[in-house]
Amino acid sequence: MPAVTVSELPAHPLSRTAVPPPPDPEPYRVLGTGRPDPELWPLLYRELVRGRRYNTQATALTRQGRLAVYPSSTGQEACQVAAGLALGPRDWLFPSYRDTLAAVVRGLDPAVALTLLRGDWHTGHDPRVHRVAPLCTPLATQLPHAVGLAHAARLRRDDLAVLALVGDGGTSEGDFHEALNFAAVWRAPVVFLVQNNGYAISVPLAKQTAAPSIAHKAVGYGMPGRLVDGNDAPAVHDALTGALARARAGEGPTLIEAVTYRLDAHTNADDATRYRTEAEVAAWRARDPLTLMERELRAHGLLDDAGAAEAHEAAERTAAALREALSGDPELTPDDLFTHVYAEPTSQLREQAERLREFS
Ligand SMILES: Cc1ncc(C[n+]2csc(CCOP(=O)(O)OP(=O)(O)O)c2C)c(N)n1
Ligand SMILES: [Mg+2]
């Protein structure tokens, strides 16, 4: 039999119709490009100010023993605020442990949003009412859940989009691959926002991936990849709004990489001076998302001292309400550890519950 070369064989059918465009060569920016939005920008600014205050207050509450742990999004507020505001009322948010602020901007009560981080076993809110999934600590596991919900919505012809948040470190998890692959094949209405803050605790991005950018990974899955300045709130908002509209229109998923920086340590339990220099932090502090937004608003005459003072007063009210809500000890029942594990507790669980009761 004559040898047949691979190119002579009938091609395997592929589901994609078009090769996705290459990702943005440089992070997409709106600030500094002379396109002010007098409605959106002041709103973004007020939420950025409130968000920063929320972060500092929650961190302070960990020092006072009122909160078990707080992974701060200080420095990443542009991503958080843009995520919370870009969603439509029917859309869903799937946050990670660092995305409390996005959930608050989406409408969750600021104190309720901290329920898990206070050490409770439940989220404190009903995900179906708020369309906010529980904050997810196991890295990237929120992504297949987000895709599942998005795919189910599409099958039901439910007109919504899902926004799933993940960190740069989370992109190395198998769940990231499975979620993006499934979403692209089935054109699930989902947007993946990677907040690339340069580190997974102490592990720098260079040790995480050899890809030219995280956005480039999109191409291999057959979806568009966007690279965005993650400290430019209008740019992140714009990229998200476009990708969510695309998802709702049945055009499939998008991967967005937002380049940002966590100005605080990984959590209150981490010492960031052990793995990054003061000079590096100072360089990013100079690109603080709040300062960038405020400078630009003032330059376009969209903010004056009175407006800034008003934003800070509103932020103080949020902080005061948070302090008040967390001023007492939560009422926790140790037995709750076992209550919802299985419909029928196993003999081992019953034994463990018994032992715990002896200690408490
Ligand atoms: C499956 C899993 N492995 C390891 C951890 C421990 N862990 C918690 S946060 C973290 C770093 C994650 O970094 P990144 O995804 O970049 O998010 P960031 O904390 O920077 O927002 C790790 C390894 C975890 N929570 N889940
Ligand atoms: Mg990170």
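1. The C-alpha centres of domain 1 and domain 2 lie 36 Å apart. Domain 1 covers residues 15–329, and domain 2 covers 333–360. These bounds come from an automatic or database domain assignment.

2. This is a predicted model: local features need pLDDT of at least 70, side-chain atom pairs count only at pLDDT 80 or more, and totals for chains, interfaces and linings use all residues. Residues are numbered from 1 along each chain as its sequence is written, while chains are lettered from A and ligands numbered from 1 in the order in which they are written.

3. Look at helix α11, residues 305–325. Its 21 residues reach 30 Å from first C-alpha to last, close to the 30 Å expected at 1.5 Å a residue. The expected span is 1.5 Å times one less than the number of residues. Helices here are DSSP runs (H or I, at least four residues), numbered from the N terminus.

4. Which residues of α11 are buried? They are Ala311, Ala315 and Leu322. Buried means that 20 or more other C-beta atoms lie within 10 Å of the residue's own; exposed means 12 or fewer, and partly exposed is in between, with C-beta atoms placed from the backbone. Seen down the axis of α11, the buried residues fall within an arc of 35°, so they line one face of the helix. The arc is that of the directions from the helix axis to the C-beta atoms. An α-helix has 3.6 residues a turn, so residues three or four places apart point the same way.

5. The buried residues of α11 pack against α1 (40–63). On the other side of α11, exposed residues include Asp305, Glu313, Arg317 and Glu324.

6. Leu114 sits in the loop between α3 (100–106) and α4 (127–130). Leu114 counts as buried because it has 27 C-beta neighbours inside 10 Å. Leaving aside neighbours within four places in sequence, Leu114 is in contact (C-beta atoms, placed from the backbone, within 7 Å) with Ala58, Leu67 and Thr100. Val69 is 45 residues from Leu114 along the chain, yet their C-alpha atoms are separated by 9.4 Å.

7. Ala86 belongs to helix α2 (residues 77–86). Is Ala86 buried or exposed? Ala86 is buried, with 26 other C-beta atoms within 10 Å. Leaving aside neighbours within four places in sequence, its contacts are His237, Leu240, Thr241 and Leu244.

8. Now the ligand. 13 residues surround ligand 1 (C-beta atom, placed from the backbone, within 6 Å of it). The closest are Leu139, Gly167, Gly169, Gly170 and Ala200.

Key
Helix = DSSP H or I, 4+ residues; strand = E, 2+ residues; numbered from the N terminus. Contact = placed C-beta atoms within 7 Å.
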